[in-house]
Structure formats: structure tokens, C-alpha cells
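Hello,

Here is the structure that I am handing over to you. My notes on it follow below.

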Amino acid sequence: MDAGGGAEAAANGGIEGSADPCSSAAAGGHKLSVHQIAGGGKAADFILWRRGRVTFGVIFGATMAWLLFEKSGLSFLTICCDIFLILILVQFLRVKLAGLLNRQPRPLPELVLSEEMVSNAAASFRVKVNNMLMIAHDITLGKDFRLFFQVVLVLWLLSVIGNFCSSITLAYIGTIALVTIPALYNKYQGHVDRYAGMVHRNISRHYKIVDENVISRLPRSFIRDKQD
């Protein structure tokens, strides 16, 4: 019974490990939750609908912006300039009206970027750019064929999708997906992990066939030049 239970647990563990590519194991084999993967802060609460009003407000704002940009026929620059023009005029009229009525206008918050905030943002941006450059370097040299195949597939899919919808529509779809897919996965994680494990095994099997029938038949000198 113990041996059978251990084998079953090991099998289930293997399925879970391959089924959930987004989650990573912490020390001691503890599986991270979706909230922890998303950062565990206010952003994670927003993505997982723990701040329902904020999430709904973002969806409503994104929908209104998409309708404005996509259906109005105006350019992005024109709409942005019109919005800023309206805001400036409204603020100007509010201040002048408060002066005529002998009222103190409500003070505006000071928009100042601290040196620490700029330094932290620059450091974080530099690390991410360096990581992307390292990945691009490995892809162009053919050091990771699987990553190369994934990048080519994603770029091809984006190119195909770009023929049917604009960049504004893609940004809107990405925003909606950001606030729906993680929440749905968090709710139905068990079912998703089970089917994701099946898909992962099928993809691995097909990749193994490609590896054996295509990559292994490439001339060794070609592979050596790619690795160098």
C-alpha cells in the first residue's frame, strides 16, 4: 500500500509539475499560489478581482478607450491632445470661477518624481533589458532550439493576428485577458492543470519527434558553428 501510494503520489507530482508551467516551487517543494506569482501586492489583488471596483473600473475605462480610438476614426495623437486640452480648459475655468466667487480653489497635488523612484525604475528597466538581450543572443546563435521555435511561433501568430485587428484592439484584448485569465485559472486551477498536463505531454512528444527526425540529422559542423 505504501509503495503504491508513493508511486501514485510521484506520478501525480510529475503531472502537476508539467501541467503548471507558470508556477514555480519554493524551498521545500511548496507550490506558489497565483497571487504570489502575480507579485502578491495590490497589482495581484487587482488581477484576481480582490479589488472588484478597481478591476471593473479598469475594464470600463479600457472599453471606453477602445471604442473611442477604434470607432471615432481619429488618430491617437489627436485624441490625446483633445483630452489634455479639455482638462486644461476645465481646470483653468474652475480656478477663474473660484476667484470670481471669492472661494479658494482646491489645490492640485504636486506631480514630482523623486530621485529614488527614478533610480529604482531605471535599475529595474536595465535588468529586464539585459535579460532580453541575453535571450536574444542565445536565440540568434541557436543555443536553445526550443526557445527559438517558441519565439518564431509567437512572432508568426502575432503577425497573423495583426492582419485582422489593429494595435489598439490587441492592447484592449491584452488588458481584458490580463484581468480574466489569471482569475479564471485561480478559480479552476485543478481542472486547468490536468488538461495543461495532457497538452504539455503531447507537445513534448511532438518536439521529441522533430528533434529526432530533423535536428539530429543536421550536419555536425553546422551545429558546432551555431553553438560557437
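Overall make-up

The protein has 10 helices and 0 strands, where helices (H or I, at least four residues) and strands (E, at least two) are DSSP runs numbered from the N terminus. This is a predicted model, in which local features need pLDDT of at least 70, side-chain atom pairs count only at pLDDT 80 or more, and totals for chains, interfaces and linings use all residues. Residues are numbered from 1 along each chain as its sequence is written, and side-chain values use heavy atoms, with hydrogens and water left out.

Of the 228 residues in the protein, 12% are buried (under 20% relative accessible area, 1.4 Å probe, protein chains only). Among contacts (heavy atoms within 4.5 Å) with a separation of 6 or more, 52% are between residues 24 or more positions apart.

Helices α8 and α9

Helix α8 (residues 167-187) packs against helix α9 (residues 189-213) at an angle of about 95 degrees, and their axes are 5 Å apart. The axes are lines fitted to C-alpha atoms over the stretch in contact, with angles running from 0 to 180 degrees between N-to-C directions. α8 and α9 are therefore roughly perpendicular to each other (65 to 115 degrees). On the α8 side, Tyr185, Asn186 and Lys187 make the contact; on the α9 side, Gln189, Val192 and Asp193 do.

Thr55

Thr55 is part of helix α4 (residues 52-71). Its relative accessibility is 0%, so Thr55 counts as buried. Leaving out residues up to four places away in sequence, Thr55 touches Phe46, Trp49 and Val179.

Regards

Technical notes:
Parallel < 35°, antiparallel > 145°, perpendicular 65-115°, else oblique. Buried < 20%, exposed > 50% of the residue type's maximum accessible area, 1.4 Å probe, protein only.
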